[in-house]
Amino acid sequence: MNLHEYQARAILESYGVPVPQGRVASTPQEAQTIAAGLGGPVVVKAQVLVGGRGKAGGVRIAPDANAAAEAAERILGMRIKGIQVRRVLVGRAADILKELYLGLVIDRSRRQAAVMASSQGGVEIEEIARTMPEKIVRVGIDPFLGLLGYQARELAFGIGLEPYLLREFVALASGLWRAFSETDASLLEVNPLAITPDHHLLALDAKMVLDDNALFRHPDLASLRDTSEEDPREHEARELGLSYVRLNGSIGCIVNGAGLAMATMDVIKLEKAEPANFLDIGGGAQADRVAAALRIVLSDPGVRVVLINIFGGITRCDEVARGIVAALQQTGVSVPLVVRLVGTNEEEGRRILAEAGLVAVSSMREAARQAVSLLQSQAPSAAAEEKEG
Ligand code: GDP
Ligand code: MN
């Protein structure tokens with residue numbers, strides 16, 4: 001789950017990380033009031049769950065409250081990467097001497113968290129990694145020991161931080177680490193971490209991603225979820241306990257099991273097409289869940305063919321077939337459907353599908369081939385889009 005900057009800032013603040021004072025507004029009038037309350041220049045920032053707001057014009061400095069209202073007026077009307085801006089953060093503007101980068105990530109290959117720091121803040125870390133990889137310093141964090149003082153100092157020296165900032169940097173890094181580990185975050189990035197002309201550090205931006213699978217331990221954080229920016233299909237799938245992942249291709253995939261999802265996407269790619277999504281109905285799904293899954297996948301306008309790949313173990317093929325038929329009766333189906341069905345109660349499943357005029361194939365490769373050829377036989381615009389995607 002992605003957090004908005006203002007939400008992440010509040011969390012960081014509670015861990016003693018210095019952040020500028022500020023509040024959220026959803027109208028220019030509110031922005032004006034907040035700015036007047038803060039006094040002096042403010043920065044007005046779009047609150048959307050995508051990066052690169054600065055470049056898109058979603059971050060504006062305003063010298064006074066009237067200018068803040070104007071800036072809010074402009075930003076609140078914007079779309080950034082397709083997302084409508086509904087709220088802005090109005091914060092005290094900082095003077096910046098230098099912009100640093102400080103981020104925490106999960107290093108899966110080492111099975112631990114890692115901190116990364118760079119003297120080249122304000123630029124995306126991917127960009128620094130590409131152009132000046134030597135400017136990124138990284139240390140791994142032992143999950144039992146946490147971020148240790150000497151490691152934080154190592155980072156500070158590694159980015160050439162002036163010694164007078166060392167103590168503050170170590171405290172800040174340790175606050176970030178505690179915020180990261182105690183909220184079960186998978187990403188916590190402060191970019192830029194500013195050095196101010198009066199020689200202090202200030203977190204000017206905060207990007208935070210929490211692990212969905214740990215949210216049950218944090219009911220207070222779970223309530224921070226902003227569903228207005230979510231794909232409604234993801235929302236619906238989560239409510240039903242299905243896992244739905246949206247991708248950029250044209251073939252919608254319904255499978256049972258995460259491993260089968262990966263394999264299905266692999267064979268689609270092997271046939272030179274791209275999956276539009278995958279929806280995992282899990283083990284032992286009943287007909288109504290299968291029907292809901294099909295409804296969700298079909299409601300994605302990017303889907304031009306649906307591939308249902310079921311390997312029946314606990315999941316019974318006849319239940320799946322009943323779900324498919326029920327969904328077809330409820331919503332109708334606007335795109336071709338390919339079904340691969342093997343395993344428990346396969347014959348019964350095939351019989352149910354046959355009655356509805358559907359034929360199930362038994363090999364995964366064959367199913368992918370059929371799906372791709374059905375895709376290619378559609379309007380040329382579909383094929384062109386597939387290439388771009
Ligand atoms: P992002 O583009 O979505 O990462 O948004 P940021 O919050 O990182 O802002 C982008 C850039 O705006 C930063 O790199 C800074 O250069 C600038 N900026 C943000 N806040 C302030 C501020 O308080 N004062 C000044 N002078 N610049 C700021
Ligand atoms: Mn930033």
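**Entry 1: the β17-β18 pair**

I began with N309, which stands opposite R340 in β18. Strand β17 (residues 305-312) and strand β18 (residues 337-343) run parallel and are joined by seven bridges. I take strands (E, at least two residues) and helices (H or I, at least four residues) as DSSP runs, numbered from the N terminus. Two strands count as paired if DSSP finds at least two bridges between them. Helix α11 (residues 317-331) packs on the sheet and touches β17 and β18; the direction of α11 makes about 160° with that of β18. Contact here means heavy atoms within 4.5 Å. Axes are lines fitted to C-alpha atoms, for helices over the stretch in contact, and angles between N-to-C directions run from 0 to 180 degrees.

**Entry 2: what I am reading**

This is a predicted model, in which local features need pLDDT of at least 70 and side-chain atom pairs count only at pLDDT 80 or more, while totals for chains, interfaces and linings use all residues. Residues are numbered from 1 along each chain as its sequence is written, chains are lettered from A and ligands numbered from 1 in the order in which they are written, and side-chain values use heavy atoms, with hydrogens and water left out.

I looked up the confidence next: the mean pLDDT is 93, and 97% of the residues reach 70 or more. Over residues 382-389 the pLDDT is below 50, and beyond near neighbours in sequence this stretch has seven contacts in the model. pLDDT is the predictor's confidence in each residue, from 0 to 100.

**Entry 3: domains**

I noted domain 1 (21-92), domain 2 (98-222) and domain 3 (231-388) from the domain assignment. Such bounds come from an automatic or database domain assignment. The centres of domain 1 and domain 3, taken over C-alpha atoms, are 43 Å apart.

**Entry 4: the six-stranded sheet**

In what order do the strands of the open sheet stand? I read β14-β16-β15-β17-β18-β19, with mixed pairing. The edge strands, β14 (243-246) and β19 (360-361), each pair on one side only.

I then followed β15 (251-255): five of its five residues are buried. Buried means under 20% relative accessible area, exposed over 50%, and partly exposed in between (1.4 Å probe, protein chains only). I251, C253 and V255 point one way from β15, while G252 and I254 point the other way. In a regular strand the side chains alternate between the two faces of the sheet. β15 pairs with strand β16 (residues 275-280) in the parallel sense over five bridges, and V255 stands opposite D280 in β16.

Helix α13 (residues 364-376) lies across β15, β17, β18 and β19, and runs at about 170° to β17.

**Entry 5: A291**

Is A291 buried or exposed? A291 has 4% relative accessibility, so A291 counts as buried. A291 is in helix α10 (residues 287-298). Leaving aside neighbours within four places in sequence, A291 is in contact with G323, A326, A327 and Q330. I also checked I324: A291 and I324 are 33 residues apart in sequence and 5.7 Å apart in space, C-alpha to C-alpha.

**Entry 6: around β9**

I moved to strand β9 (residues 112-118), where six of the seven residues are buried. Strand β8 (residues 98-107) pairs with β9 in the antiparallel sense over seven bridges; the bridge partner of L104 in β9 is V115. β8 and β9 form a hairpin with four residues between them, and R111 in the turn has a positive phi of about 55°. β9 also pairs with strand β10 (residues 136-141), antiparallel, over six bridges. The bridge partner of S118 in β10 is I136.

**Entry 7: helix α6**

I checked the length of α6 (residues 166-182): at 1.5 Å a residue, its 17 residues should span 24 Å, and its end C-alpha atoms are 24 Å apart, which agrees. The expected span is 1.5 Å times one less than the number of residues. Among the buried residues of α6 are F169, W177 and F180. Just after α6, D184 takes a positive phi of about 55°.

Most residues other than glycine have a negative phi, and most peptide bonds are trans. I noted that the peptide bond from N191 to P192 is cis, with omega near 10°. P192 sits in strand β11 (residues 185-195).

K81 has a positive phi near 50° and lies in the loop between β5 (79-80) and β6 (83-84). K81 counts as exposed because its relative accessibility is 61%. N345, in the loop between β18 and α12 (346-355), has a positive phi near 60°. At 35% relative accessibility, N345 counts as partly exposed.
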